[in-house]
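Here are my notes on this one, point by point. Have the coordinates open while you read.

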Amino acid sequence: MDFKKYKNDFPLLRENPNLSYLDSAAMALKPDCVINSVDNYYRKYGCNVHRGVYELSYEATELYENARKTIAEFLNADIEEIIFTRGTTSSLNLVASSYSSFINEGDEIITTELEHHSSHMPWFNVAKKKKAIIKYVSLNNDNRITLEEFKKVLTKNTKVVAITYVSNVMGFITPLKEIIKLAHEYNAKVIVDAAQAVPHMNVDVKDLDCDFLAFSGHKICGPTGIGVLYGKKELLNMMDPIEFGGDMADEVDMDNQTYKTIPYKFEAGTPIIAGAIGMAEAIKYVSNIGLSNINIYEYELKQKATNELSKIDGITIYNKTAETGIIAFNIDGVHPHDAASVFDNNNVCIRAGHHCAQLITKHLGVLGTIRASFYFYNDMNDVNNFIKAVKEAKDFFGKF
């Protein structure tokens with residue numbers, strides 16, 4: 001499959017032909033169709049949804065709710081199970097804040113050292129307030145989450161498992177389906193951080209049988225400030241909203257208040273209308289390319305880059321066997337932030353630091369890592385520019 005043609009769909013890459021953008025794990029670039037869909041909403045409609053009785057509001061509402069339908073079909077979920085949020089962090093906090101009403105003193109919450117802060121921290125705080133117990137799945141010798149280690153911490157007291165599908169630092173894929181099946185045997189609920197999974201691989205929530213799943217629009221070529229929380233309808237119906245106000249209320253009296261049905265009871269205030277429309281367009285765009293095709297292609301680029309990186313002395317690679325397009329590495333003796341400045345001088349965009357995942361960087365015994373992440377709009381020229389920048393950074397700091 002020829003991926004070269006897709007590069008021209010992205011204004012940033014057209015206007016900066018010498019740029020090698022290798023930070024898609026943090027933020028994917030936006031194609032013309034997504035930008036145009038957001039612009040179209042503001043230019044042609046620009047009004048609120050659900051409220052107006054005039055034609056423009058009706059048409060805007062259709063666009064917004066069709067976006068929900070697109071995302072539901074994409075995940076193989078029911079429409080009412082899709083809640084629009086501000087992003088993965090917002091989604092995961094919503095679950096923790098609302099579902100925490102079912103957590104009692106002494107209950108156990110399982111998580112891992114591969115978690116992004118937005119997956120781990122909300123439940124850490126729930127445990128603190130509820131006097132519950134946080135337990136961590138030990139990573140194996142390759143720093144992976146395994147079913148064997150998960151079994152060691154799972155007990156009859158486990159109520160929640162908060163777990164990543166794909167690590168944003170290591171790029172490892174969690175054996176999620178097996179873990180979920182086992183967790184359900186103990187009646188535990190599984191909350192999945194799929195921010196790094198949904199943009200790169202097919203995700204079917206019914207096949208996984210996860211209880212909740214979250215991802216962000218901006219990592220799948222969509223706008224910023226929009227995300228999705230999927231939740232099983234029976235669980236969402238049990239849970240209380242955490243925000244109150246416009247559009248989520250059903251009947252409001254001085255002495256009683258009721259809420260709308262799902263998903264609307266969790267979407268207080270004016271929705272993120274343009275964001276939802278833009279994210280749906282992004283999902284159509286990547287779906288047309290094919291997520292399986294994307295996964296294979298970006299893995300090939302990552303492997304080529306990893307092979308070249310392995311030939312350079314003084315480089316430590318932490319995830320050579322990662323199944324996704326992420327490379328986590330360091331130049332020995334060089335702080336990641338210092339190295340990043342050399343990459344920038346070479347028009348190579350990478351990320352340096354702890355990547356909002358301090359548990360794994362501390363587990364690795366480092367302050368942070370350099371992370372290069374590939375997506376379908378990258379090519380071998382980007383790989384070559386990346387390797388050139390690595391060599392230049394190593395030579396520059398080797399002088400001191």
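**Notes on the model**

1. Let's start with a loop. Glu105 sits in the stretch between α4 and β3 (108-112); helices here are DSSP runs of H or I with at least four residues, strands are runs of E with at least two, and both are numbered from the N terminus. Glu105 is exposed at 61% relative accessibility, where exposed means over 50% relative accessible area, buried under 20% and partly exposed in between, using a 1.4 Å probe and protein chains only. Its C-alpha is 4.9 Å from that of Ala132, 27 residues away in sequence. Leaving out residues up to four places away in sequence, Glu105 touches Lys130 and Lys131, contact being heavy atoms within 4.5 Å.

2. Some housekeeping before going further. This is a predicted model, so local features need pLDDT of at least 70 and side-chain atom pairs count only at pLDDT 80 or more, while totals for chains, interfaces and linings use all residues. Residues are numbered from 1 along each chain as its sequence is written, and side-chain values use heavy atoms, with hydrogens and water left out.

3. Next, α4 itself. Its twelve residues (88-99) should span 16 Å at 1.5 Å a residue, and the end C-alpha atoms are 16 Å apart, so the two agree; the expected span is 1.5 Å times one less than the number of residues. The helix is mostly covered, with nine of the twelve residues buried. Those are Thr88, Ser90, Ser91, Leu92, Leu94, Val95, Ala96, Ser98 and Tyr99. Among the elements covering them are the strands β2 (82-85), β5 (158-164), β6 (189-193), β7 (212-216) and β8 (227-231), plus the helix α5 (117-130).

4. Staying with α5, take a look at His120, which belongs to that helix. Is His120 buried or exposed? It is buried, at 10% relative accessible area. Apart from neighbours within four places in sequence, His120 is in contact with Thr111, Glu115, Tyr136 and Leu359.

5. Now the helix pairs. Two packed helices are described by the angle between their axes and the distance between the axes. For α2 (residues 32-44) and α10 (residues 273-289), the axes come within 8 Å and cross at roughly 150°. Axes are lines fitted to C-alpha atoms, for helices over the stretch in contact, and angles run from 0 to 180 degrees between N-to-C directions. On the α2 side the contact uses Cys33, Val34, Ser37, Val38, Tyr41 and Tyr42, and on the α10 side Ile273, Ala274, Ile277, Gly278, Glu281, Ala282 and Tyr285. By class, that is ten nonpolar, two polar and one charged, with Ala, Val, Leu, Ile, Met, Phe, Trp, Tyr, Cys and Pro as nonpolar, Asp, Glu, Lys and Arg as charged, and the others, Gly among them, as polar.

6. How do α11 and α14 pack? Helix α11 (residues 291-310) meets helix α14 (residues 380-397) at about 25°, with the axes 10 Å apart, and so the two are roughly parallel. From α11, Leu301, Lys304, Ala305, Glu308 and Leu309 meet Met380, Val383, Phe386, Ile387 and Val390 of α14. This contact comprises eight nonpolar, no polar and two charged residues.

7. Ile226 is worth a click. It lies in the loop between β7 and β8 and is buried, with 0% relative accessible area. Its C-alpha is 4.4 Å from that of Arg86, 140 residues apart along the chain. Not counting residues up to four places away in sequence, its contacts include Phe84, Gly87, His218, Ile272 and Met279.

8. Finally, backbone geometry to check. Most residues other than glycine have a negative phi, and most peptide bonds are trans. The Ile262 to Pro263 bond is cis, with omega near 5°, and Pro263 is in the loop between β10 (257-259) and α10. Asn143 has a positive phi, near 65°; this residue is in the loop between β4 (133-137) and α6 (147-153) and is buried at 14%. Asp247 also has a positive phi, near 75°; it is in the loop between α9 (233-238) and β9 (249-252) and is buried at 13%.

Definitions and conventions. Parallel < 35°, antiparallel > 145°, perpendicular 65-115°, else oblique.
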